[in-house]
Amino acid sequence: MSEIISLIELKKLIDDEIKQGRHVAAPRRVDADRVLYERIDSSEKMTLDGFLRPINSIKEFVFPKHEKLYGYRLEGKEIKLLDAEPSKTEQIVIGARPCDAAALPILDHVFNWDFKDDFYNQRRELTTVVTLACQTFDASCFCTSVGLSPSADNGSDAMLFDLGAGEYEVRCLTEKGKKLFAGRTKSSDKVGKPSAGPEKKLPIDDATKFMDDGFENPIWKQATLRCLGCGACAFNCPTCHCFDIADEGNSVEGGRYRNWDGCQFGLYSLHASGHNPRAGQGQRQRQRLYHKFETYPEKFGVTLCTGCGNCTRNCPVELGVRPVLEALAKK
């Protein structure tokens, strides 16, 4: 037997959570061509079908684009530091793609490495993630090439399977998931059928083998010559986590803030001396691929990529991880 929920009941659940003061984020259609994960104030703004996946990722709900770390205020001749409190609001992300949820346990490593990031960890603890198993995919998807699938449950607290006719099978995976759906489902003999997903098409082992001795190979420049350095790949990636820290304010008061950054930007690696060890886009793309498929796995034992395809799908020149890995594998 399985547990199922109707779309009507699912919307009631969402509206009840919002009324109780919890934040809810879900895919929302913002125009004819774009769907984004956004915080919603009504279940009617949620979109669960009719699109492949949102443009962005759910990482921004645990790792915000702009976040205050602490404040300061000048009092006479002394500078008083003011603690910034981590978020205390529970939040639910519903309708997330499995490749987005799978990024969260990957990111846990870097935010709990030599320093435990209270801001990140508290948001993670307060967040319940409900994924929706994928039924479709496109040429940019390659989750199966990085050990995942359209129904991978990594990072999910509960997973929905579309049964059609406005019904979903609910599979609760953690206590948070069970708590969210308690009393909302009914028993049924209907069972969701996960999609096989895209063919395992990326020879990642061949690409990483090339990386072992190919650091100075001209292929990095050749394969990434069309890169514009816009950063869309990093900002829409579920696992990219580069950030900068900047002070904002005036001579009397202000704060220290953490802001998203990206290794594809020219200023990212620019030294104060004016020297830039990664002066060209080929070098920056090389850094991104090495980080994802060599450096991070060596340090944490997990690949810094979930195969979502966002980097290629949102790139104005259709670059991203997949085309570069394919070029490397052919060398």
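This is a predicted model: local features need pLDDT of at least 70, side-chain atom pairs count only at pLDDT 80 or more; totals for chains, interfaces and linings use all residues.
Local features need pLDDT of at least 70 and side-chain atom pairs pLDDT 80 or more, whereas totals for chains, interfaces and linings use all residues. Residues are numbered from 1 along each chain as its sequence is written, and side-chain values use heavy atoms, without hydrogens and water.

**View A. Helix 6 crosses helix 9.** Helices (H or I, at least four residues) and strands (E, at least two) are DSSP runs numbered from the N terminus. The axes of helix 6 (residues 204–213) and helix 9 (residues 281–300) come within 10 Å and cross at roughly 110 degrees. Axes are lines fitted to C-alpha atoms, for helices over the stretch in contact, with angles from 0 to 180 degrees between N-to-C directions. The two helices are therefore roughly perpendicular (65 to 115 degrees). Contact (heavy atoms within 4.5 Å) involves Ile-204, Thr-208, Met-211 and Asp-212 of helix 6 and Leu-289, Tyr-290, Phe-293 and Glu-294 of helix 9.

**View C. Strand 4 and strand 5 form a hairpin.** Two residues lie between the strands, and Gly-76 in the turn has a positive phi of about 70 degrees. Six bridges join strand 4 (residues 66–75) to strand 5. Tyr-70 stands opposite Asp-83, and Leu-74 has Ile-79 as its bridge partner.

Notes: Angles under 35 degrees count as roughly parallel, over 145 as roughly antiparallel, 65 to 115 as roughly perpendicular and the rest as oblique. Two strands pair if DSSP finds at least two bridges between them.
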